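Dear colleague,

I am handing over the structure we spoke of, with the sequence alongside. Below the files I have set out what was found in it.

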Amino acid sequence: MRLSIVLPAKNEAAGLARTLPGLRQRYPGAEIIVVDDGSADHTAQIAAEQGVRVLSSPYSMGNGAAIKRGARAAGGEILVFMDADGQHDPSNIESLLDKLAEGYDMVVGARDGSGQANFHRGFANGLYNRLASWMTGHKVADLTSGFRAVRADKFREFLHLLPNGFSYPTTSTMAFFRSAYPVAYVPISVARRVGNGSHIRLLRDGVRFLLIIFKIATLYSPLKLFVPVSAGFFCVGLLYYGWTFITMGRFTNMSTLLFSASVIVFLIGLVSEQITSLTYTKAGQD
């Protein structure tokens, strides 16, 4: 099967200078695509000098947008996505491909503890993994890793679901689980990134954390999120009603509000479940 390796890059000239020679040496027959996401440095020039295919954007559209553009342009039956900042070792691609050959549709490189940029990122990723494992019923070793090998036809089914921002790994992984496409994890070590620091910042990362928590739930099974919340409102309303009945002998407006919120949240969950089902039905037909 023909292999295409896609590297989204934004101001990663230094990282590409280290990564691309190793890639070309190990996989001389592979199609290597660098998607330049509106870089202000010499990213496109460095890539072109290495003889790889370069897709340049006139302005930054986001990491997910670069992934989508690269996936559409790639001609290989197998796609490998990896970072352009020098963190991912090209020698690990072989282990991903070997696992893919066992019958999996997506294989993800699971980073060890040294692969987390800092404590708060590592803590957040650990919570992502536990939540995703609970939602899917499968062990999710690294939900947010950008180093993965996938079957191109399966991956393209979900391009319309992928965000333009940084959470494409989360979305694609949960989409594969939801559609019963087998996913596997292979442990990898990652190096310190080359060049600029991380594009993610603490405050923005905190907002992303909350959004991804909800996205994980709504992408896979909304009822697993909405039913506990609905039950929580109902239990609080019931307890509050018991307390007001004992102390005041009446049913208060607050109890009514809590019971109403419980019903509304549950109904929203049912509607979300139907929308999710329709979304994946559409993906399977595309």
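Helix α1 bends by about 30 degrees at Thr19, with a proline, Pro21, following within four residues; the bend at a residue is the angle between axes fitted to the seven residues ending there and the seven starting there. Please bear in mind that this is a predicted model, in which local features need pLDDT of at least 70 and side-chain atom pairs count only at pLDDT 80 or more, whereas totals for chains, interfaces and linings use all residues. Residues are numbered from 1 along each chain as its sequence is written, and side-chain values use heavy atoms, with hydrogens and water left out.

Helices (H or I, at least four residues) and strands (E, at least two) are DSSP runs, numbered from the N terminus, and the protein chain has ten helices and seven strands. Buried residues (under 20% relative accessible area, against over 50% for exposed and in between for partly exposed, with a 1.4 Å probe and protein chains only) make up 49% of its 286 residues.

Within α1, the buried residues are Ala13, Gly15, Leu16, Thr19, Leu20 and Leu23, so the residue at the bend, Thr19, is among them.

With regards

Methods:
Expected span 1.5 Å × (residues − 1).
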